[in-house]
Amino acid sequence: MAKEGLRHTSLYDEHKNLGARLVDFAGYEMPVQYSGIQAEHKAVRNHAGLFDVSHMGEAIFRGPDAESALQRLVTRDVGRLDVGQAGYSAVCYEDGGTVDDVIVYRREGDFLVVVNASNREKDLEHFRENTQDLDVEVADESDDWALLALQGPEAAGLLEPLTDTDLSGLKPFRFVEGEVDDVPALISRTGYTGEDGFEIYLSGGDAPRVWRALVEAGATPAGLGARDTLRLEAGMCLYGNELDAETTPLEAGISFAVHLDKEQRFIGQRALLLEDTQGLRKKLVGFEMEGRGIARHGHHVTSGAEIVGEVTSGTKSPTLDRAIGLALVDPGVEDRFEIVIRDNPVPAKSVPLPFYKRDRE
Amino acid sequence: MSVPEDLQYTKSHEWVRTEGDTATIGITDHAQDELGDVVFVELPDEGATFDAGESFGTVESVKAVSDLYAPVGGEVVEANSSLEDAPEKINEDPYGEGWIVKLRTSDEPDLLSPEEYEKVVEGES
């Protein structure tokens, strides 16, 4: 039975028919798993998985000042994006703390900005408040769009027969507006799993037939549980874990999304330049447990008697079969430290990120 | 969902098989299904003692950590150490190979019958 007050994506009936376990996520009743997190995780790594991520927010920036508005709001230089290109970026406060991490798509004549579901209202308010002097319309189209993520080494092969778009010509972080299963769709070679794959933006009304076509073609339905373990293995940030208002994108290790030299000033630029010069207050590290136990969000990181940081994400990696995690720690911390699990300090060591990198052909 | 007739249960989803003064304890089929893939079990040391209702260990799935509560008070006579390498036994065979701990108890246990436990589960969904 539907839980009171929770919103549903256009694929809710599909999830119920597939026997998904549904949970409250950012105000939506969303599938956390279908067959099991580990099986879904492995399906994405070895074959292809299909996620409903329609809860994500879509903001459209239109008007003569759309580009200026985004240059002010995001850390990436969107002037360097071609039409048909997307870029991962942070949105910061003046003090450098993070409002959200987003993907900016430069379309012919406007920009699509995809935001985290849990930040949608906050982001839209931040976007509008800080662009009042500009000639730009910021439209919240989140309720009009569904979003499917088809991810895994077999994703392209599954999608190919359902579209006329030449997928082999679609490079990472490029997108086209075409059709999937005869309905209009924006097809983007992006994802949040560390695998090759596509994110398919389409209208909510069309989403169920495309979902069913992809499942029939062999994609394994995968829930938010596998999405989280996949992104963690790939060393990707999750807002609310690695990123928040108290953490800058530099500290969270996503400086590749920050163009500090951007000519048009962006909100937070001064604070980030200062931090870049003076040194980070904390830094994100990947770690592996050496003792028995699984680190979880909020566990303390210690070095002897001293608390030197906090775990932001942790799980048992289905691919590596080891307990892994991310932590924000003091910049000077040694490569070996302890994670305090239920009052018990358990040895861990820092390891390079990402934990998992796919073989590229 | 399986709720064997020959066991007793708790509201926190443990099962108990009592043989003489030994109580074998595990988590129910419903509990393992709710948790999902079990990937880690923290077991108590042999000889440790617990009061009824006290936490004696944890079971972790990919996403969640769940405390284990002693349905009866007693001393640990054996912990199922095979779960350390094969925690998935809790998913595969929760009432058999997935047993967690054996306690020596002198408590007069106050536990739920299979019928009472089924009502607890129905009340949650």
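User: Thanks! How many residues does each chain put into the contact between A and B?
Analyst: Chain A supplies 10 residues and chain B supplies 8 residues. Keep in mind as we go that this is a predicted model.

User: Which elements of chain A give two or more residues to that side?
Analyst: They are α2 (37-46), α7 (224-233) and β16 (306-317) of chain A.

User: And what classes of residue are on chain A's side?
Analyst: The side of chain A that touches chain B has 6 polar residues, along with 2 nonpolar and 2 charged ones.

User: OK, new topic. What domains is chain A divided into?
Analyst: Domain 1 covers 12-53 + 143-233, and domain 2 covers 282-361. Taken over C-alpha atoms, the centres of these two domains of chain A are 29 Å apart.

User: Let's zoom in on V104(A). What does it touch?
Analyst: Leaving out residues up to four places away in sequence, V104(A) touches L70(A), V74(A), R76(A), V78(A), L81(A), A86(A), G87(A), S89(A), F111(A) and V113(A). One of those, V113(A) in β7(A), also stands opposite V104(A).

User: Nice. How do β6 and β7 of chain A pair?
Analyst: Strand β6 (residues 98-106) and strand β7 (residues 111-115) of chain A are antiparallel, and they pair over 4 bridges.

User: What's the strand order in the sheet they belong to?
Analyst: The order is β5-β6-β7-β4-β8 in chain A, an open sheet of 5 strands with antiparallel pairing. Its edge strands are β5 (85-92) and β8 (137-140) of chain A, each pairing on one side only. From one strand to the next, the twist averages 25 degrees.

User: Which helices lie across those strands?
Analyst: Two to look at are α3 and α4 of chain A. Helix α3 (residues 66-73) of chain A lies across β4 (57-62), β5, β6 and β7, running at about 130 degrees to β4(A). Helix α4 (residues 120-129) of chain A lies across β4, β5, β6, β7 and β8, and runs at about 15 degrees to β4(A).

User: Over to chain B. What's the order of strands in its open sheet of 6 strands?
Analyst: In chain B the order is β1-β2-β3-β9-β8-β5, with antiparallel pairing. The edge strands there are β1 (8-9) and β5 (49-50) of chain B.

User: How many bridges join β2 and β3 of chain B?
Analyst: There are 6 bridges between strand β2 (residues 14-19) and strand β3 (residues 22-27) of chain B, which run antiparallel. For example, E14(B) has I27(B) in β3(B) as its bridge partner.

User: And β4 of chain B, is it mostly covered or exposed?
Analyst: Strand β4 (residues 38-42) of chain B is mostly covered, with 4 of its 5 residues buried. It is joined by 4 bridges to β6 (residues 55-61) of chain B, and the two run antiparallel. Within that pairing, V38(B) stands opposite S61(B) in β6(B).

User: Last one: what about the backbone, which residues have a positive phi without being glycine?
Analyst: Two examples are A26(A), with phi near 50 degrees, and D181(A), also with phi near 50 degrees. A26(A) is in the loop between β1 (21-25) and β2 (28-33) of chain A, while D181(A) is in the loop between β10 (175-180) and β11 (183-188) of chain A.

User: Where's the cis peptide bond?
Analyst: Look at the bond from L353(A) to P354(A), where omega is near -5 degrees. P354(A) sits in the segment after β19 (344-351) of chain A.

Technical notes. Residues numbered from 1 in each chain as written. Chains lettered and ligands numbered in written order. Predicted model: local features only at pLDDT ≥ 70, side-chain atom pairs only at ≥ 80, totals over all residues. Contact = placed C-beta atoms within 7 Å. Nonpolar A, V, L, I, M, F, W, Y, C, P; charged D, E, K, R; others polar. Domains from an automatic or database assignment. Buried ≥ 20, exposed ≤ 12 C-beta atoms within 10 Å, placed from the backbone. Pairing = 2+ DSSP bridges. Axes fitted to C-alpha atoms, helices over the stretch in contact; angles between N-to-C directions.
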